[in-house]
Amino acid sequence: MPFTVTSQRSPQPTTQRKAPTMTNGNDIERADLVATLAKHRGFLCETVRDLTDEQAAERTTVSALCLGGLIKHVAAAEAAWVDFIEHGPRTTSDFDEARAAEYASHFALQPGETLAGVLADYDQVARHTDDIVATTDLDASHPLPVAPWFEVGGRWTARRALLHIIAETAQHAGHADIIRESLDGAKTMG
């Protein structure tokens, strides 16, 4: 789904993407994956409707999370998992202090970043993901990267990675809903 900005103050997500033509079970599965992901992206982006950059950067709970940072994080995680689908695991260094700081920066709007820019980046990631869903072999699998949170020797199919993207997006949409309600009382998901 594209995320458009209709004014300086009001990033407005739109929720319409053309679903793939459904001619067989595989096309239906692809359409279902895209539609489910679009729904949860829409929930997440709805939490920033009518906010300024300052509001999107504000921490409103005891956590370090802010709305703009959550959208950045979800976009980065989605891009990383789509890269995994396309190329398999990348060789990375250990999770050292520098990588931990870079990871933590994904959860906040940094100086010079805007909500409109974060939404535009997320839209670009979403478009690429939707294209990959339409063209990739959902049964293709890659070994998981070595990390303490993955089973040793595990493999994930493209389908499982996409389901993980959906789950992460939905989980963070819920976090964003709480942060938005703490910010100004708006209830975006209920």
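## The end of helix α6

D184 counts as partly exposed, with a relative accessibility of 40%. R180 is buried, at 7% relative accessible area. Here buried means under 20% relative accessible area, exposed means over 50%, and partly exposed lies in between (1.4 Å probe, protein chains only). D184 and R180 form a salt bridge, with their closest N and O atoms 3.0 Å apart. A salt bridge needs a side-chain nitrogen of Lys or Arg within 4 Å of a carboxyl oxygen of Asp or Glu. Both residues lie in helix α6, four residues apart, about one turn of the helix. An α-helix has 3.6 residues a turn, so residues three or four places apart point the same way.

## Model and conventions

This is a predicted model, in which local features need pLDDT of at least 70, side-chain atom pairs count only at pLDDT 80 or more, and totals for chains, interfaces and linings use all residues. Residues are numbered from 1 along each chain as its sequence is written, and side-chain values use heavy atoms, leaving out hydrogens and water.

## Overall fold

The protein has six helices and four strands. Helices (H or I, at least four residues) and strands (E, at least two) are DSSP runs, numbered from the N terminus. Along the sequence they follow the pattern β-β-α-α-α-α-α-β-β-α.

Of the 190 residues in the protein, 41% are buried. Residues 24 or more positions apart account for 73% of them.

## Salt bridges across the chain

The structure holds nine salt bridges. One of them joins E29 and R159, with the closest N and O atoms 2.4 Å apart. This pair links distant parts of the chain: E29 sits in helix α1 and R159 in helix α6 (residues 158–184), 130 residues apart. E29 is partly exposed at 24% relative accessibility. R159 is partly exposed too, with a relative accessible area of 22%. Salt bridges also join E29, D139 and R159 into a network.

A further salt bridge joins the side chains of E113 and K72, at 2.8 Å from N to O. E113 lies in the loop between α4 (97–105) and α5 (115–135), while K72 lies in helix α3 (residues 67–87), so the pair ties together parts 41 residues apart in sequence. E113 is partly exposed, at 31% relative accessible area. K72 is buried, at 14%.

Which side chain of opposite charge is nearest to R30? D27 is, at 4.5 Å. Lys and Arg count as positive, Asp and Glu as negative; His and the chain ends are not counted. R30 is buried yet has no salt bridge. The R30 side chain does reach the backbone oxygen of T136, at 2.8 Å. Setting aside neighbours within four places in sequence, R30 is in contact with V133, A134, T135, T136 and L138.

R30 lies in helix α1 (residues 25–46). The 22 residues of α1 should span 32 Å at 1.5 Å a residue; the end C-alpha atoms are 31 Å apart, which agrees. The expected span is 1.5 Å times one less than the number of residues. Buried residues of α1 include D27, R30, A31, L33, V34 and L37. Also buried there are A38, H40, R41, G42, L44 and C45.

## Aromatic cluster

Five aromatic pairs turn up in the whole structure. The rings of W81 and W156 have centres 4.9 Å apart and planes at 20°, so this pair is stacked. The pair links distant parts of the chain: W81 is in helix α3 and W156 in strand β4 (residues 155–157), 75 residues apart. Both W81 and W156 are buried. F150 and W156 have ring centres 5.7 Å apart and planes at 75°, so this pair is edge-to-face. Rings of Phe, Tyr and Trp (its six-membered ring) pair if their centres lie within 6.5 Å; planes under 30 degrees apart count as stacked, over 60 as edge-to-face and the rest as tilted.

F150 counts as buried at 14% relative accessibility. W156 is buried with a relative accessible area of 7%. Ring pairs link W81, F84, W149, F150 and W156 into a cluster.

## A positive phi at D50

D50 is a residue other than glycine with a positive phi, near 65°. D50 lies in the loop between α1 and α2 (53–57). At 37% relative accessibility, D50 is partly exposed.

Notes. A polar contact is a pair of N or O atoms within 3.5 Å; within protein, one must be able to donate a hydrogen and the other to accept it, and residues adjacent in sequence count only if both atoms are side-chain atoms. Contact means heavy atoms within 4.5 Å.
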